[in-house]
Amino acid sequence: MTEPHYDRRGEGPVLLVVPGGAGHPMGLGPMTDVLAEHFTVVTYDPLGLAHGRLGEPVADQRVEEWSDGAARVLEEVLPEGESASVLGFSSGGIAALDLLTRHPQRLRHVVAHEPPCVGVLPDGARQRAVFQEVYDTYRAAGPQAAAARLGAALTGQEPGDAAPGRPLSREQELASPMAVFLAHVVRGFTSYTPDLAALAGVPDRLTLAAGSDSRGQLLHRTAEFIAERTGARFAEFPGGHVGAGEHPVAFADRLVETLGRHDEAPGAADERRGPLTA
């Protein structure tokens with residue numbers, strides 16, 4: 001078992017951030033700058049891609065491995081008797097849901113932003129097949145064509161003709177976080193089905209989130225569906241699927257507000273159960 005990789009900054013209650021994609025925290029720095037004024041921000045890097053392991057061999061990833069690693073990080077950084085908040089993006093949001101299901105002991109609140117666990121939807125089998133197509137496109141025509149297919153899947157557009165491209169070599173693939181995601185994360189994570197019954201047992205510790213610019217899109221629908229089925233809160237955040245990079249200050253402020261609502265007295269929180277919109 002390898003030691004978990006993470007960065008730590010700021011002071012205050014612990015906030016664990018689990019990035020999306022292949023777990024590389026690229027683009028999250030401006031947001032964590034703001035959050036570090038309120039929290040001890042611990043940014044988890046599941047594959048160590050930002051810690052010297054980019055280019056090293058990667059196996060197909062499992063959600064449970066990421067959440068187990070996140071639990072080990074929390075054991076290392078949490079002071080005795082304290083609990084942490086968690087913010088997970090996309091594939092990291094799926095890991096955050098699994099963390100709450102399997103390792104809830106020291107979790108204060110989890111915010112899962114647009115987790116692509118599409119199998120929970122009524123048309124989940126069809127949506128899973130679309131992500132298989134994303135993987136197949138990557139293997140046949142390379143990352144640009146696969147990214148175009150992925151974008152069409154998320155926005156609900158009809159896929160156009162695949163952009164011309166060719167598969168990457170193994171060395172090229174391992175040098176690109178996006179390629180690692182397409183090769184070793186996208187299929188396993190989008191095939192993961194969260195335990196909705198278990199999550200329904202801890203609704204006060206869970207917020208499903210989606211970008212306001214994602215309204216009408218697949219992952220906004222997925223987040224709303226999980227919130228409805230579990231009794232958890234639903235909150236809209238600024239921007240779209242990568243809103244933390246598009247609007248880092250506003251996104252951070254929205255997170256502080258969301259976690260602050262969770263910390264209110266139970267009666268006040270219960271009165272506002274349901275959608276939180278921007």
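Predicted model: local features only at pLDDT ≥ 70, side-chain atom pairs only at ≥ 80, totals over all residues.
Trainee: Which residues make the contact of H5 with H8?

Mentor: Val134, Tyr135, Tyr138 and Arg139 of H5 meet Ala179, Leu182 and Ala183 of H8, contact being heavy atoms within 4.5 Å. By class, this contact has 6 nonpolar, no polar and 1 charged residues. Tyr counts as nonpolar, together with Ala, Val, Leu, Ile, Met, Phe, Trp, Cys and Pro; Asp, Glu, Lys and Arg are charged, and the others, Gly among them, polar.

Trainee: What is the relation of H6 to H8?

Mentor: H6 (residues 143–155) and H8 (residues 177–184) have axes that come within 11 Å and cross at roughly 65°. H6 is therefore roughly perpendicular to H8. The contact joins Pro143, Ala146, Ala147 and Leu150 of H6 to Met178, Phe181 and Leu182 of H8. It comprises 7 nonpolar, no polar and no charged residues.

Trainee: What is the hand of the crossing where H6 passes H8?

Mentor: H6 passes H8 in a left-handed crossing, the term for a near helix turned anticlockwise from the far one by less than a right angle, with clockwise giving right-handed. The crossing of H5 with H8 is left-handed, whereas that of H3 and H4 is right-handed.

Trainee: What makes H3 and H4 roughly perpendicular?

Mentor: H3 and H4 (residues 91–102) pack at an angle of about 70°, with their axes 8 Å apart. That angle makes H3 roughly perpendicular to H4. Among the H3 residues in this contact are Glu64, Trp66 and Asp68, and the H4 residues include Asp98 and Arg102. The contact divides into 8 nonpolar, 3 polar and 4 charged residues.

Trainee: How many residues line the largest pocket, and which lie nearest its centre?

Mentor: The lining has 28 residues, with Gly20, Gly21, Ser90, His241 and Val242 nearest the centre. On a 1 Å grid where a 1.4 Å probe fits, a pocket is an open set of points with protein on both sides within 12 Å along at least five of seven lines, and lining residues have an atom within 4 Å of a point. About 620 Å³ of space lies in this pocket. H6, H8, H9 (186–190) and H12 (243–246) each supply at least two lining residues.

Trainee: How many charged residues does the lining of each pocket have?

Mentor: The lining of the largest pocket has 18 nonpolar, 10 polar and no charged residues. The second largest pocket holds about 400 Å³ of space, and its lining has 9 nonpolar, 5 polar and 6 charged residues. Of its 20 lining residues, Thr2, Pro46, Leu47, Arg53 and Gln61 lie nearest the centre. H2 (49–53) and H3 (63–77) are the elements that give two or more residues to this lining; the largest share, 5 residues, comes from H3.

Technical notes. Residues numbered from 1 in each chain as written. Heavy atoms only, no water. Axes fitted to C-alpha atoms, helices over the stretch in contact; angles between N-to-C directions. Helix = DSSP H or I, 4+ residues; strand = E, 2+ residues; numbered from the N terminus. Parallel < 35°, antiparallel > 145°, perpendicular 65-115°, else oblique. Points joined across faces, edges and corners; volume = space filled by probe spheres on them.
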